[in-house]
Amino acid sequence: MKKSILSVLLMVFLAALMVGCERQQATDYDKTIIFYSSQGDKLQGLTKLAIDAFEEKYPGWKVTHTPQGGYDDVRDKIVSDLQGGLQPDLAYCYADHVALYLQTGKVVDMAKLINSTQTVLDKDEKEVVIGYTAEEIADFVPGYYAEGKAQNFANYKDYGYDDDSMFMLPFVKSTELLYVNETALIKAGFKNADGSAKVATTWDELWSQGATLVKKYPTATVLGYDSEANWFITMCQQNGWGYTSTSADNHYLFNNEHTKAWLEELAGYYTKGYIVTQMDYGAYTSNLFTKGADDGGVIYCIGSSGGASYQATDLFQWGVYAIPGSRQEDGSINKSVISQGPNLVMLECGRCSSDEAKELKKQMTFLFLKELLNPVFQAQFSIDSGYNPSTQSTYQVDAYVEHLAGKTITARACVVAKTLTNDFFTSPAFVGSSGARTQVGNALNFAVTGQKTAAKALADAYANCGGK
Amino acid sequence: MSDETLALQNKNNSQKPSSKKFWDFLKSQRGWLFVLPAVVLMAIFTFYPIINAFVGAFKENYQALHLEGEKGYTGWGFENFVRVLKGDTGTGGASFMQCLFNTFVFTFISVPLSTLLALLISVGLTRIKVLQKAYQTVFFLPYLTNALAMGAVFATFFTIVGTSRNVETYGLMNNFLSLFGIKPVDWIGSGSPAWHWGSLNVPWAKYIVAIIYEVWSGLPFKILILFSALQNVNKQYYDAAKIDSASKSTVLWKITAPLISPMLSYLLITGLMGGMKQYSAIVGIFGADMGIDYDMGTMVGYIYQYIEKGATGFAFAGSLLLFAVIMVFTGINLIVSKKTVHY
Amino acid sequence: MKDLENKELLNQEEVTEVVEVEEAKALAAIDLNKEKARDKRAKIVGAILSYTFLTICAFFAFLPFYWMVISSLKPEYEYRRSVPTFFPHEFYFKNYAAVLSQTDTGSSGSFLQIIVNTLVVGLVSTSIGLVVIVITSYALARMEFKGKNLLFTLMLATMMIPGEMFTLTNYLTVSKWGWNDTFTVLILPFLVSIYYIYLLRNNFKQIPNSLYQAAKVDGLSDAGYLVKVMVPLTAPTLISVTLLKFIATWNSYIWPRLVNTQSWQLITNWVTRGFPDRGAKLYNGLYGTTMALTTLRMAAVCMVSLPLFILFIAFRKYIMHGVSKSGTKG
């Protein structure tokens, strides 16, 4: 009896060991491109197609795609990997992540690859040029492309890069959009002469509609804003209040009289029931938008264009618009809107067997990156995700043209987002810029919900960033 | 045979026993063979880290991410400690003083509270016969749970779902309080009430939630220990007390408590130690950011936060400070318990 | 005269004393009856008080478990009622199906993968850990070698140091060795548990020396003695240690999160992720795709807690024994 129990235990133990070994199987590291992203189920399936195409075209090469949860998870994992030389060859990134990676000098300067005229052979022995042509570079949406240039980063020269260095390429992009419950607006009497809904185009207009709306819909909230931090940063940009700068003397400009006055104003609107934010609600406010005005939802919702599918509903007539702007002293309206979405960064191979292998892997990784930026792939990816493609020629791909002509909320979001290209802005990237983002988001939450006065919330945020 | 060869022979003779001696010595030391795996593992994962923490804490501007071939730090000194204590790490995130304060509040309220409650429950348990085992089992259950999983359950008791204009559910706690006419409180949400003392946040509603959890999760172990201690207390003492016609509460405080005071002091010490190292329960209830911007951060949470940020020097300094705090409390405990505990 | 008086007085006193004693005896008899009655009453009152107090406490101790189970069985819209239901009006087992149907590519990772990870890590680290603990404690208890006491003191001294001080260096070490995303990294650093070594060493020491001498006479080697005599004699402690070590793996959260990515983590990490995409599928869009539903999370929490309860019911004695000895969760 005892013996049989012992032998069973031993067998379980051995089986466990074997499973363990099986999972730790080594792969040919020199010829395996590791790619980290934050893609969910659906998009992974799509990326798989690009990977299959690449692997077929270049026999012997493999791509391992490892999704890591969210953007922050990708960053944390890479920070850990860099310490052991296990970093991926290609990864999703935001500019402030790259600012962090730059400290190791392991970020690949893509300028050299972009301009490379070298070739490699594909499976049909055909020569493929590694770099991009001038037209291909011009095909990128200029604002997106410029984001990856060295000048946008602090201290790059300390880490061995020069002015012409290029740290990242845009993958797909999103911005913030105003999703509107038009039915609710019309019912409350906000309509134009032609009977269409009168949608607020400035913040002042939006707040002036508030009183009527909360009275008409006793459980509804006027505006749901998904990202507190984006709201703060966008207002700073629209009004020129100052948020952060790359200058090392003082990175943090956001603690000023203008922002204070604005937060106080918002706190007033919050008590009137005009505002709900993600932190306040505990989930994306798109969940509130789709509920409708009579059921405790929101009437206006500002969320990512990449998340348009979450705003879809048949309950009422919806519309997609640019977010409200701020009226300037000269009477014009500044409608600046934040540009977000993943970029792609390449990192040096940490454990390649030789320098040649390292160089070759770099080139092949870049070719895989080009697969991801190929207009046909970009079109499909944009259709499925709701993000905007980063190259202009994607807008000519048939499937995408057809998609944009559709009536779905994702299609509408893409069309509206495309018209905003000139209003896009990004904020400076430096070590600590993501900290500033978190801090202003928290400050807004504290001030609006009345936990702290606006002045205290801002001062605390400033101190927490390390400002003096 | 010359003298020389004789001497050589002698030498050889004397060598034989010495090599045998060496062999014997080795044989007598074969215990090392048994402890070798543990020693190797500890050398790598325990002893080296301790030394490294003491060294690393004094490396200024110590960054995990740095250029290859460079040291990753700028010099030696106390700067890490100074900046950690001042909250001037320049990276955002948790402040050490806030974390220290939180940890103290949770520990010094919840540990005595749960010890007292455990004592009362244990006394109650000794006075009943029927269903004693069943009650004992129920009280032990919280021990088996996972802090993160149960943290999530506790969070549901206190979470308000919905917007301020359309609340879907106020949570069980608020429902309960409304029976007494108390208005709903946003216990753990973003609008949770808080006091502010200088740069310190005192999110009292969240504190209450954390303390309730700590008391609940601390009970099983304490009841287990106290109950068995109480059962071992000699019956004679009680009989003597009966003759002196002492009241029940007198018996409890004058006789029982001193008799099990070694156990009480043991529980307080282990409770304090455990309290100083709180982390996962807070994450379970308040999420990975430990409230909003680490306002519910603990000392251990502080350390992990800087590990994840790659600010190695601050993490080391933080862990040494935690060590120092624990040592201080152990010392105080030893002194106090020597004076008051009856053996 | 005075003497006489005194004597008389004394006599009187004696008399009264005798009378008093007799009176006291009689009184005592009455008192005894009274006391018995009073005692009985007090006992009943005490028992009622005790039971009431214990029941109230037990109610609150048990409430979270009850709430966890019934929440996992409710549909989300029932959970969100403004007046909570203490018994599900509608049993909704789909919550469990939804959580179990997570695939490897989903935002939370597949249940199967995570349970395999946890079992492999748990079994391997418990079994190897137990061997390490047993041989180390044996050497420390029974064998003589140079530096033994120093080693033992050093080991005990490290127990004073919070584990968090090791974590960062260990994290740097395993990162440097490229052990991220392996099982090794979850097993190796936790094989040695000093407290259990200490516990077992004391257990071994209590075994009388004569047994050892007898075994030597019978020609048993040290290893043979350890396996054939010591281990069976300390079986209860060994079982406790095994169980607690396994429970520790089951509950570990911080280290796996730090060193491994999603599909290499353990079950507790999985529970904390929430299952937003499942919820949207389950309720056909009633709740947004990004919303983590409490009912689904509770279903996951139940599934993680259940094995612990089964272990507890099966090995109640050993677990309580081990816990009362160590006071740690591993």
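The model is predicted, so local features need pLDDT of at least 70 and side-chain atom pairs count only at pLDDT 80 or more, while totals for chains, interfaces and linings use all residues. Residues are numbered from 1 along each chain as its sequence is written, and chains are lettered from A and ligands numbered from 1 in the order in which they are written.

**Strands in chain A**

- Helices (H or I, at least four residues) and strands (E, at least two) are DSSP runs, numbered from the N terminus, and two strands pair if DSSP finds at least two bridges between them.
- Strand S14 (residues 337-340) of chain A runs antiparallel to strand S7 (residues 172-181) of chain A, and 2 bridges join them.
- In this pairing, Ser174(A) stands opposite Gln340(A).
- S14(A) also runs parallel to strand S17 (residues 424-425) of chain A, again with 2 bridges.
- Here Ile338(A) faces Phe425(A) as its opposite residue.

**A helix with two faces in chain B**

- A residue is buried if 20 or more other C-beta atoms lie within 10 Å of its own, exposed if 12 or fewer, and partly exposed in between, with C-beta atoms placed from the backbone.
- Helix H5 (residues 132-140) of chain B has the buried residues Tyr135(B), Gln136(B), Phe139(B) and Phe140(B).
- These four lie on the same side of H5(B) because they cover an arc of only 135 degrees around the axis, the arc being that of the directions from the helix axis to the C-beta atoms.
- An α-helix has 3.6 residues a turn, so residues three or four places apart point the same way.
- On the face turned away from the buried side, H5(B) carries the exposed residues Lys133(B) and Ala134(B).

**Where chains touch**

- Two residues are in contact if their C-beta atoms, placed from the backbone, lie within 7 Å.
- The contact between chains C and B takes 64 residues from chain C and 66 residues from chain B.
- H1(C) supplies the largest share of chain C's side, 15 residues.
- That side of chain C divides into 42 nonpolar, 15 polar and 7 charged residues; Ala, Val, Leu, Ile, Met, Phe, Trp, Tyr, Cys and Pro count as nonpolar, Asp, Glu, Lys and Arg as charged, and the others, Gly among them, as polar.
- Between chains A and B, the contact takes 34 residues from chain A and 27 residues from chain B.
- H18(A) gives the most to chain A's side, with 5 residues.

**Domains of chain C**

- An automatic or database domain assignment gives chain C domain 1 (2-73) and domain 2 (94-326).
- In chain C, 4 residues of domain 1 are in contact with 7 residues of domain 2.
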